[in-house]
Amino acid sequence: MLGYGIRASTQVELVEQLKQRGFIRNPKVSEAMSQVDRARFLPRGATDPYSNTPVKVSEGSSISTPQLHAQVLELLSPALDSDAAPRSFLDFGCGTGYLASVAAEMGIDRVIASECDTTAYQAAQDNLAGCGAVRLLRLFPQDSYSTAKFTALYASPYFPSEEEALKFCSQWLHDGGLAVCSYCDCPDAIDQQLTLIRKKADGSMEVTPQFRAAGGPLKREGSDESSRQTASTDAETRELNRRLLLGWRERFETKYGRRPTRADMFGDPAAAEAFRQFSGTS
């Protein structure tokens with residue numbers, strides 16, 4: 001099930017659509033996301049706060065789609081929703097603080113959120129001011145003054161390699177902990193591999209690839225130029241998905257020694273979604 005075309009008028013309606021598409025299954029994730037209004041974390045003047053689109057905050061930071069937030073929380077829910085205490089969560093690259101706030105709403109005992117981008121950090125300060133369970137840092141781990149590990153973590157900035165991602169997770173996860181992070185495994189960095197990582201009791205790392213995600217710049221939304229910027233964002237999104245499909249085709253041909261068929265493309269969820277977004281079909 002794909003998230004293309006999700007658009008709602010309220011946070012509760014948005015969560016219901018995510019549940020209908022299969023992105024949310026855990027009742028605690030559903031309840032927490034319903035309670036934390038995404039619109040409050042978007043830049044002033046942003047349009048369509050309840051649509052399944054990323055929103056640019058600054059040149060170096062953006063707010064992820066509701067679909068991605070839901071998928072991350074679902075992947076981490078065995079750690080976040082466990083009976084073990086105390087539970088802790090690191091949101092590394094928290095943007096304006098949405099995911100950290102949802103984690104606090106789920107009752108996580110210790111939430112650390114870090115953001116090095118100045119604009120996003122200042123927004124997170126305002127957004128998380130009344131959230132006592134969350135400690136906001138400008139830099140992690142430099143500003144934490146602690147070596148305490150976490151039962152779950154999400155790293156929003158992608159790592160340059162799988163090795164770097166595993167090194168970070170090994171250092172900051174408790175044994176048995178879960179992490180969701182992405183890393184670049186293609187030269188042009190058009191898409192990244194999002195992965196679930198579990199640290200076993202013996203300290204070894206279990207890696208389970210989930211899906212590929214396209215990344216790239218988006219235009220800042222604003223009331224004065226919303227029409228022009230929306231058109232630009234649509235064009236950029238289409239171009240990113242075109243390049244994502246080209247990269248997927250090259251990897252397929254290298255692996256199988258033949259050109260992919262339409263059935264091959266629709267058999268790969270990431271390629272199928274990229275095609276639908278590129279072609280504008282639902």
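In which strand is S62 found? I began there and found S62 in strand β2, residues 61-63, where strands (E, at least two residues) and helices (H or I, at least four) are DSSP runs numbered from the N terminus. I noted before going on that this is a predicted model, in which local features need pLDDT of at least 70 and side-chain atom pairs count only at pLDDT 80 or more, while totals for chains, interfaces and linings use all residues. Residues are numbered from 1 along each chain as its sequence is written, and side-chain values use heavy atoms, with hydrogens and water left out.

Entry: I looked up the accessibility of S62, which at 40% relative accessibility counts as partly exposed; buried means under 20% relative accessible area, exposed over 50%, and partly exposed in between, with a 1.4 Å probe and protein chains only. The C-alpha atoms of S62 and G95 are separated by 6.6 Å, although the two residues are 33 apart along the chain. I then turned to K28, which lies in helix α2 and is partly exposed at a relative accessible area of 46%. K28 and M106 are 6.5 Å apart in space, C-alpha to C-alpha, and 78 residues apart in sequence.

**Entry: helix α3.** I checked the span of α3, residues 66-80, and found that its end C-alpha atoms are only 18 Å apart, short of the 21 Å that a straight helix of 15 residues would reach, the expected span being 1.5 Å times one less than the number of residues. The helix bends by about 35° at E74, with a proline, P78, following within four residues; the bend is the angle between axes fitted to the seven residues ending at a residue and the seven starting there. Of the 15 residues of α3, 14 are buried, so the helix is largely enclosed by the rest of the structure. L80, which has its place in α3, counts as buried at 0% relative accessibility, and its C-alpha atom is separated by 6.8 Å from that of A152, 72 residues away along the chain.

**Entry: helix α4.** I found 7 of the 8 residues of α4 (residues 98-105) buried, so this helix too is largely enclosed by the rest of the structure. The buried residues include Y98, L99 and V102. Just after α4, G107 takes a positive phi of about 90°.

**Entry: backbone exceptions.** Most residues other than glycine have a negative phi, and most peptide bonds are trans. I noted that D48, not a glycine, has a positive phi of about 50°; D48 is found in the loop between α2 (27-35) and β1 (55-58) and is partly exposed, with a relative accessible area of 36%. A cis peptide bond, with omega about 5°, joins F140 and P141, and P141 is found in the loop between β5 (134-137) and β6 (150-159).

**Entry: domains and a lining.** I looked up which domains give residues to the lining of the second largest pocket: domain 1 (11-214) and domain 2 (231-279) both do, so the pocket lies between them. The domain bounds come from an automatic or database domain assignment.
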